[in-house]
Amino acid sequence: MTHPLVFFAPSGKRGRFPEGTSVLEAARKLGVDLDSVCGGRGICGRCQVQVGDGQFSKLGIVSAPDHVTGWNAVEERYTSKRGPLAEGRRLGCQARLCGDAVIDVPADSQVHRQVVRKSAAVRDIAIEPVVTLHYVEVREPDMHEPSSDFRRLQEALEQQWGLKDVTAPLESLRLLQKSLREGKWSVTVAVRHKREIVGIWPGLHEQGVGLAVDIGSTTIAAHLCDLASGEVLASSGIMNPQIRFGEDVMSRVSYVMMNPGGDVELTRAVREAIAEIAVAVTREAGLNSNDILEMTVVANPIMHHLFLGLDPTELGGAPFALTIDGAYQTRAAHLDLPLSSGAYVYVLPCIAGHVGADTAGVVLSEGPYLKSEVTLLVDVGTNAEIVLGNRDRLLACSSPTGPAFEGGQISSGQRAAPGAIERVRIDPVTLEPRYKVIGSDLWSDEPGFAGETAATGVTGICGSGIIEAIAEMLLAGLITPDGVVDGALAARTPRVEGDGRTFRYLIRDGEPRIAVTQNDVRAIQLGKAALYAGVRLLMDHYGVAAVDRITLAGAFGSHIDVKHAMILGLVPDCELDKVGSAGNAAGTGARIALLNADARTEIEDVVRRIEKIETAIEPSFQAHFVAAMAIPHKSDPFPHLE
Ligand code: FES
């Protein structure tokens, strides 16, 4: 018997095998990444390979008996049901070696394919989910050889997939007998960590899906992902229904403290919302929520506790002790979620009492621990969560920025929503403003603005709008670096108006009137000084006078204009093209943890190594805070703004 040489691209792996060996078998023996759900039965189509160019390869891979198409009967059956294979493609489990061959494994046939994330600054991830699908044919029960259905399923999994001593929870066992008989003794099982059955279907089931969830205090966002390709099949975001118990996290903790059983109500509310999302996104993808095989979650510490059903009371005051800070996983059924029979929920680790699993998600997504440049990650909310460092060291803290950046405590403030002013420019000569609202592409001085703006009309000003307004007021000389609205300019423009003993600047003189008052400037100064002081504290601990890169995470970070944030002194000086937004990086972190098993170990290790700095007990925090009240700063230079 001859032993043809086979060469696989792009891996470069090669070897000799007895003539007649299937390409899938050769790939497995060489450790080549070639997918398969049906175990080589010619029904899933995941094992497709491309016969390499050149007569040499074509001759080497034809298989009997059909010498016209080169396909065998199984491939004929597959193509008659599923449509033709692309030119030059064969099912790797059916094509047999009958001569030397060069074989390409296309990206869509690789198990560990790469997914390119949106941001060019971050690494790609390999798809290596914790749950994989396996089609098996199970022996029928036999009076002469009595054994249980599960025992015979275990045998089949070992023989056909090399999976030993696989276990199953009761929830999956309950589906076993019906599935085996419905599937005429063939089933597809979803196996977690090669050990435990978390889903079971009669016959061939080709798609395994998972859900990545970001539980924010205001919104809950989720992505339904194909576990084999990483593709996002559907996404959804809804308001966090806990808002009816309190606008921000601290008021929800107060609700729990003042109302016995309040934590149960809040837990039920968030779980019901996630169940609702699971149903909605799977329906959109033409699936059922019980097709979801795995779920990952990121959340701030209080949302994290309430989702898991842990009392958040201790997080309402110093020393902000978490019940658990490590990653945690439990069955979806224990959390009343309508996912697959044995599905698990994996919650990323929390970093500290005020720095949650959402920040761990940002760290995993941005990967500062893989780089040499010193990166500053900032997630701004009523609390800013701040991480600084690189591959040598990472430090984290949180800083109480207050609600101003989300529009709270601002006279015309509102959350970022259609109708909110989000961009402001002020002419330094005429002192006339122009603005843009969320939901409209037009500036306020462009023709058609009045009639064609957002459907809601103009409703208020959001965090990014107020930041731009105050930065522009500084550039136009309307406020001093101390943050005082200059009343002397009332002589130059009617837009500067008296407001009791102080002055305000009118951005919009219509209904509603929108102005920046002295109190608004103060609220933003307090918030930005707290944020900056937290950043400086971490820089002191790290021993750097400047950072190489700044990434703003979260909804606020994606709306904010970098230059205006720096003019205001919200973040320290940095090259402008090294300051950017990561969008919903926490959600991306949840997605990475869903699609790559190693990423979980990675972020768990990284979080354990992060040095936590508690701003409340740092003596220098107050001095940094006072210096940062000036706009942009009392003493720190901002050379990149010049
Ligand atoms: Fe399923 Fe080849 S492994 S078709």
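The following legends describe an overall view and several close-up views of a predicted model.

Figure 1. Of the 642 residues in the chain, 48% are buried. When contacts between residues at least 6 apart in sequence are considered, 66% of them join residues that are at least 24 apart.

**Figure 2. The packing of helix H12 against helix H17.** Helix H12, which covers residues 518–542, packs with helix H17, which covers residues 620–627, at an angle of about 130 degrees, and their axes lie 8 Å apart. On the side of H12, the contact is made by Ala529, Ala530, Ala533, Arg536, Leu537 and Asp540, while H17 contributes Ser620, Phe621, His624 and Phe625. Sorted by class, the residues of this contact between H12 and H17 are six nonpolar, two polar and two charged.

**Figure 3. An open sheet of six strands.** The six strands of this open sheet follow one another in the order S13-S12-S11-S14-S16-S15, and their pairing is mixed. Strand S13 (232–239) and strand S15 (328–331) stand at the edges, where each has a single partner strand, so one side of each is left without a neighbour in the sheet. From one strand to the next, the twist averages 15 degrees.

**Figure 4. The pairing of strands S12 and S13 within the sheet.** Strand S12, made of residues 219–226, runs antiparallel to S13, and seven bridges join the two strands.

Figure 5. Most residues other than glycine have a negative phi, and most peptide bonds are trans. Ala318 and Pro319 are joined by a cis peptide bond, with omega at about 0 degrees, and Pro319 has its place in the loop between helix H8 (301–308) and S15. Phe320 lies in the loop between H8 and S15 as well, and its phi is near 55 degrees, a positive value in a residue other than glycine. Phe320 has 16 other C-beta atoms within 10 Å, and it is therefore partly exposed.

Figure 6. The peptide bond that joins Glu511 and Pro512 is cis, and its omega is about 0 degrees. Pro512 is found in the loop that runs between strand S24 (502–508) and strand S25 (514–516).

**Figure 7. Lys194, a residue with a positive phi, in the loop between strands S9 and S10.** Lys194 lies in the loop between strand S9, residues 186–192, and strand S10, residues 196–202. The phi of Lys194 is near 60 degrees, which is a positive value in a residue other than glycine. With 15 other C-beta atoms within 10 Å, Lys194 is partly exposed, because a residue would need 20 or more such atoms to count as buried and 12 or fewer to count as exposed.

Conventions: Residues are numbered from 1 along each chain as its sequence is written. This is a predicted model: local features need pLDDT of at least 70, side-chain atom pairs count only at pLDDT 80 or more; totals for chains, interfaces and linings use all residues. Axes are lines fitted to C-alpha atoms, for helices over the stretch in contact, and angles run from 0 to 180 degrees between N-to-C directions. Helices (H or I, at least four residues) and strands (E, at least two) are DSSP runs, numbered from the N terminus. Two residues are in contact if their C-beta atoms, placed from the backbone, lie within 7 Å. Ala, Val, Leu, Ile, Met, Phe, Trp, Tyr, Cys and Pro count as nonpolar, Asp, Glu, Lys and Arg as charged, and the others, Gly among them, as polar. Two strands pair if DSSP finds at least two bridges between them.
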